[in-house]
Amino acid sequence: MARDMTPVLKRCRSLGLEPTYLGIDKKSNRNAREGRKPSEYSLQLKEKQKAKFIYGVLEKPFRNNFKKAQKLKYGTAGENLLILLELRLDNVMFRLGYGRTRKEARQIVGHKHVLVNGKPVNIPSYRVKVGDVIEVKEKYKSAQRYKDILEVTGSRLVPEWLDADHENLSGVVKEVPTRAQIDVPINEVLIVELYSK
């Protein structure tokens, strides 16, 4: 499996992104670079790279998600793209608070700790649907790892479109998220413009 091994804080700095969006509490020291005004293409590319980096998606799956987003009947292509990325299983685990970062949530899914509607799923890009019940397998619920995770993420706000039950390490997808409920600092219009060229 291909992985992006770039140092996280360094990448955040280059994309002008706060590490808190990745679940990291460290503040990056943001030194604004002096220089020329960035080109339109440069801004569009930066937004795409930011989205890929936040969600931990490589180019090919990202492009496939964009193609699916264009085919959806509701909403704009940019909003649909963000909704599809939010509905990935690894992201939902992160949003529920069962992973400190999206990378950790992805690892938990990959290690077969997660059940979706009672069936084991180990594909981080699995797209959850409204009404799906996501939970940690019974044998892992008492593991120290999840106690440590909940200690860190317990105070994190769970989005309105999800319903979390921290006692049982489970959650339900109540509805498809709207753009207003997705709190990532991405201008999806620039991504659509980039792919429309």
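Me: In this predicted model, which strand holds K119?

Reply: The model is a prediction. K119 lies within residues 119-120 of the chain, and that stretch is strand β2.

Me: Is K119 buried or exposed?

Reply: A residue counts as exposed when its relative accessible area is over 50%. K119 has a relative accessibility of 59%, so K119 is exposed.

Me: What distance separates the C-alpha atoms of K119 and K50?

Reply: K119 belongs to strand β2. Along the chain, K119 and K50 are 69 residues apart.

Me: What order do the strands of the open sheet have?

Reply: The sheet is open, has five strands and is paired in the antiparallel sense. Strands β2 and β4 (162-165) stand at its edges with a single partner strand each, so one side of each is left without a neighbour in the sheet. Read across the sheet, the order is β2-β1-β3-β5-β4.

Me: How many bridges pair β1 with β3?

Reply: Strands of a sheet pair through backbone hydrogen bonds, either parallel or antiparallel. Between β1 and β3 (residues 133-136) the sense is antiparallel. V116 stands opposite I134 in β3, and L115 stands opposite E135. The number of bridges between β1 and β3 is three.

Me: Which residues form the covered face of β3?

Reply: In a regular strand the side chains alternate between the two faces of the sheet. In β3, V133 and E135 make up the uncovered face. The covered face consists of I134 and V136.

Me: In β5, which residue is the bridge partner of I134?

Reply: β3 and β5 (residues 170-173) run antiparallel and are joined by three bridges. For I134, the bridge partner in β5 is G171.

Me: In the hairpin of β4 and β5, which residue takes a positive phi near 50 degrees?

Reply: β4 and β5 pair in the antiparallel sense over four bridges, and L162 has V173 as its bridge partner in β5. Four residues lie between the two strands of this hairpin. The residue with a positive phi near 50 degrees is L169.

Me: Which side chain makes a polar contact with the side chain of N91?

Reply: N91 is part of helix α5 (residues 89-96). With a relative accessible area of 1%, N91 falls under the 20% limit and is therefore buried. Leaving aside neighbours within four places in sequence, N91 is in contact with Y55, L85, E86 and R102. The polar contact, at 2.6 Å, is with the side chain of R102.

Me: Over what arc around the axis do the buried residues of α6 lie?

Reply: Helix α6 (residues 102-110) has R102, E104, A105, I108 and V109 as its buried residues. They lie on the same side of α6, because the arc that they cover around the axis is only 160 degrees.

Me: Which elements are included in what covers the buried residues of α6?

Reply: R102 is one of the buried residues of α6, and its side chain makes a polar contact with that of N91, a residue of α5. The cover of the buried residues of α6 includes α2 (40-55), α4 (77-86), α5, β1 (114-116) and α7 (144-153).

Me: Which residue with a positive phi follows α6?

Reply: Helix α6 spans residues 102-110. The phi in question is near 60 degrees, and the residue is K112.

Me: What is the radius of gyration of the chain?

Reply: The chain has eight helices and five strands, in the pattern α-α-α-α-α-α-β-β-β-α-β-β-α. For 197 residues the globule rule gives 16 Å, and the chain comes close to this, so it is as compact as a globular protein of that length. The radius of gyration is 17 Å.

Me: Among contacts between residues at least 6 apart in sequence, what percentage join residues at least 24 apart?

Reply: The C-alpha atoms fill a box of roughly 55 × 40 × 30 Å along the principal axes, and 41% of the 197 residues count as buried. For the contacts in question, the share is 62%.

Note on methods. Residues are numbered from 1 along each chain as its sequence is written. This is a predicted model: local features need pLDDT of at least 70, side-chain atom pairs count only at pLDDT 80 or more; totals for chains, interfaces and linings use all residues. Side-chain values use heavy atoms; hydrogens and water are left out. Buried means under 20% relative accessible area, exposed over 50%, partly exposed in between (1.4 Å probe, protein chains only). A polar contact is a pair of N or O atoms within 3.5 Å; within protein, one must be able to donate a hydrogen and the other to accept it, and residues adjacent in sequence count only if both atoms are side-chain atoms. Contact means heavy atoms within 4.5 Å. The arc is that of the directions from the helix axis to the C-beta atoms. The radius of gyration is taken over C-alpha atoms; the globule rule is 2.2 Å times the number of residues to the power 0.38. Two strands pair if DSSP finds at least two bridges between them.
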